[in-house]
Amino acid sequence: MTPYSATIHTPRSVMQRSGMLDWDTQPTLYKHYPAHLFSYAIDAVPALAYIGLARSITQKVPHPTGLYHRLSPPSAGNLHPLELYVQLRGFEGVISGIYHIDVYRHRLVLL
C-alpha cells in the first residue's frame, strides 16, 4: 500500500466513487445581484454596446430539461462559469464604478 492509495484515480476507483448528478438541484449558471442595485441595459448606452460582445448568450438550444445557453467565451462545460466585471469611468451619462455584466438579463449592474 502506497501513501497515494486513498486518492489514486484508476478506471475502477472512478466508477466506484462516481454518482449521478441530479440536474434539477444544481445551482444557477448565472450570478445575480439584488434587483435594487442600479443597472443599465447594455444597449442603452451606445458607447458600451461592445461590452455585450465580451460576455453574452450566443445561442439558446432546446434541451429536454429546458433551454441550454451557449455562452461566449465558453467555460469548462459551465462547471465553473466565467463572470465578467468592468470598471467604467468617463462615459457620458454613465455613473463611474465597477459593474458586473449580467449575461442573462443583458445588463450592467453597478456594484
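## Order of elements

Helices (H or I, at least four residues) and strands (E, at least two) are DSSP runs, numbered from the N terminus.

Of the 111 residues, 24% count as buried. Buried means under 20% relative accessible area, exposed over 50%, and partly exposed in between (1.4 Å probe, protein chains only).

Strand β2 covers residues 56-63 and strand β3 residues 66-72. The two run antiparallel and are joined by seven bridges. Strands pair if DSSP finds at least two bridges between them. A hairpin of two residues links β2 to β3.

S56 belongs to β2 and stands opposite S72 in β3. S56 counts as buried, at 14% relative accessibility. Its side chain reaches the backbone oxygen of G52 at 3.4 Å. A polar contact is a pair of N or O atoms within 3.5 Å; within protein, one must be able to donate a hydrogen and the other to accept it, and residues adjacent in sequence count only if both atoms are side-chain atoms.

## Salt bridge

A search of the whole structure finds one salt bridge (a side-chain nitrogen of Lys or Arg within 4 Å of a carboxyl oxygen of Asp or Glu). D102 and R105 form it, with their closest N and O atoms 3.2 Å apart. D102 is buried at 3% relative accessibility. R105 is partly exposed, with a relative accessible area of 45%.

## Cavity

Rolling a probe the size of a water molecule over the atoms shows where empty space is left. On a 1 Å grid over the protein atoms alone, a cavity is a set of points where a 1.4 Å probe fits but cannot get out. Grid points are joined across faces, edges and corners, and a volume is the space filled by probe spheres set on the points. The structure holds one cavity of 30 Å³ or more. The largest cavity has a volume of about 40 Å³.

Lining residues have an atom within 4 Å of a point. For the largest cavity they are L29, Y30, K31, R55, L82, E83, H100, I101, D102 and V103. By class, five are nonpolar, one is polar and four are charged. Ala, Val, Leu, Ile, Met, Phe, Trp, Tyr, Cys and Pro count as nonpolar, Asp, Glu, Lys and Arg as charged, and the others, Gly among them, as polar.

## Basis

Residues are numbered from 1 along each chain as its sequence is written, and side-chain values use heavy atoms, with hydrogens and water left out. In this predicted model, local features need pLDDT of at least 70 and side-chain atom pairs count only at pLDDT 80 or more, while totals for chains, interfaces and linings use all residues.

Terms used
1 Å grid on protein atoms, 1.4 Å probe; cavity = no way out; pocket = protein on both sides within 12 Å on 5 of 7 lines; lining within 4 Å.
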